[in-house]
Amino acid sequence: MSTTFAHDQQQLAELAESVISQSIREGASDAQVLFFESNSLLIEMRQGRLRTRTRDTQSSMSLTVYRGRHQGTTSSTDFSPARLRETVQAACRIASYTGDDEFIGLAPEPYLCQASRNLDLWHPWDLDETGAQLLAHRIEKGIISAGQDVVSDGAWVSTSQSGWYLMNSRGFARGDRQTNHVMSAKALAKKPGSSQLDFWSSHSHLASSMMVPEGIGYTAGSGALAALDSAPLTGSRHCPVLFAPSCALTLLEHLVQATSGAMLYRQNSFLADGLGREVFSQHISIDEDPFVLQGLASRSFDGDGISGAARKIVDNGRLSGFFLSAYAARRLGMVPTGNGWGPGNLSLCSSLTRDSDGLTAMMKKLHTGLLVTAFSGGGPRLINGDYSRSLRGFWVEGGEILHPVDGVTVAGNLADMFRNIAAVGADRLTQGALSSGSVLIDGLQVAGR
């Protein structure tokens with residue numbers, strides 16, 4: 001696949017400077033523009049047949065202009081001088097009609113990124129369509145190797161490259177680029193009267209860092225097979241619950257949602273007044289580091305041009321950080337955190353975790369209770385933390401899996417769940433910006449059908 005874009009970084013810088021200058025001439029007091037380009041290849045196979053073959057090239061420009069306390073935003077996929085001029089004029093017209101907002105504006109200059117870091121995110125993959133199809137066949141081979149009752153419901157191989165350049169009228173001007181490679185499998189296991197789907201994927205900036213294709217397929221296939229022949233879980237009980245790593249990551253997602261900009265300044269979060277309070281078990285810490293080499297959520301700056309920082313979000317149980325864009329920070333009277341594009345490489349850790357605490361050891365700690373492996377619906381009400389999700393998994397007794405279960409509902413409150421985390425496993429999984437091992441929570445309400 002080609003490793004070049006329609007414009008190099010210098011050309012994007014020249015286009016950005018032209019757009020900023022035109023915006024000021026059209027009456028904007030300030031302006032910010034983001035130019036973005038990408039190209040990608042996607043192959044989807046299903047049971048040996050090619051279902052999708054996509055080559056995609058994108059170019060986009062997003063412009064925000066300010067007229068005092070009024071804002072106008074427009075975008076374009078055409079970088080021609082005439083179209084860019086029309087886009088600038090449209091943004092300035094929009095700013096003439098929008099409402100007054102005292103909190104809008106460019107990020108304060110002291111917080112802007114002063115120097116981009118080399119985070120080792122650019123690793124093009126020399127992959128053509130034929131090579132991608134061969135990898136997809138290997139993924140499907142891994143699926144069917146899991147057992148005779150499982151077939152492929154899809155195998156995907158994709159590679160993409162993206163580059164961007166951000167500039168504002170206060171002198172900030174920086175660009176970056178990265179590659180992203182993904183291989184995924186969906187497996188379907190079937191027996192008379194029962195069927196289950198399972199999914200697995202591997203994602204990296206560097207192709208050689210991904211799981212082998214057969215391993216991705218086998219993981220999906222064995223997961224689907226293990227969920228067959230589920231037995232009903234009757235009645236309701238209060239018991240410990242162990243979230244497998246892929247499900248434990250959703251707890252981090254809920255924390256991010258509850259401690260992010262709009263949820264906080266609108267007072268729609270149960271953690272709106274949680275800063276500085278003990279909201280997790282004391283052995284729990286959550287670290288953010290947007291500068292991890294090859295990290296899936298690594299970056300030198302966010303959409304405001306602000307550099308993030310390696311920091312503690314939760315420090316020995318105490319909430320010590322929010323996720324704030326420049327706008328949200330103004331609304332809250334706080335300092336921006338460089339999270340205008342979301343969190344950067346969050347990791348949930350416990351001071352009690354030992355290297356030997358794999359999933360088997362965590363089931364021993366669970367002893368008797370529910371192991372959650374997949375969600376099928378529901379979610380939390382972040383305004384008060386109430387939590388209810390339907391799921392599938394396994395009933396565990398004496399630290400051993402007794403049988404798979406499906407159609408189970410687990411309920412509680414996130415505030416209690418965070419405080420009642422008893423252990424975090426060493427079976428760490430990273431997906432996107434989030435990383436965690438399995439999480440054991442003491443005492444949730446569990447109900448069968």
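Modeller: Keep in mind that this is a predicted model. Start with strand β9, residues 311–315, which is joined to β10 by two bridges, with the two strands running antiparallel.

Biologist: What makes β9 and β10 a pair?

Modeller: Pairing needs at least two bridges. β9 and β10 have two bridges, so they pair. In one of them, V314 has L319 of β10 as its partner.

Biologist: Which sheet holds these strands, and in what order?

Modeller: An open sheet of six strands, ordered β10-β9-β8-β11-β17-β16. Its pairing is mixed.

Biologist: Why are β10 and β16 called edges?

Modeller: β10 (318–319) and β16 (429–431) each have a single partner strand, so one side of each has no neighbour in the sheet.

Biologist: Which helix lies across β8, β9, β11, β16 and β17?

Modeller: Helix α5, residues 245–258. The helix runs at about 130° to β17.

Biologist: Now the charges. How do you know that K312 and D287 form a salt bridge?

Modeller: The cut-off is 4 Å between a Lys or Arg side-chain nitrogen and an Asp or Glu carboxyl oxygen. For K312 and D287 the N to O distance is 3.0 Å, so the pair qualifies. K312 lies in strand β9 and D287 in strand β8, so the bridge ties together parts 25 residues apart in sequence.

Biologist: Why is K312 called partly exposed?

Modeller: Partly exposed lies between under 20% (buried) and over 50% (exposed). K312 has 36% relative accessibility, so it falls in between. D287, at 25%, also counts as partly exposed.

Biologist: What makes E44 buried?

Modeller: Its relative accessible area is 12%.

Biologist: What joins D30, E109 and R170 into one network?

Modeller: Salt bridges that share partners.

Biologist: How many salt bridges are found in the whole structure?

Modeller: The search finds 18.

Terms used. Residues are numbered from 1 along each chain as its sequence is written. This is a predicted model: local features need pLDDT of at least 70, side-chain atom pairs count only at pLDDT 80 or more; totals for chains, interfaces and linings use all residues. Side-chain values use heavy atoms; hydrogens and water are left out. Helices (H or I, at least four residues) and strands (E, at least two) are DSSP runs, numbered from the N terminus. Contact means heavy atoms within 4.5 Å. Axes are lines fitted to C-alpha atoms, for helices over the stretch in contact, and angles run from 0 to 180 degrees between N-to-C directions. Buried means under 20% relative accessible area, exposed over 50%, partly exposed in between (1.4 Å probe, protein chains only).
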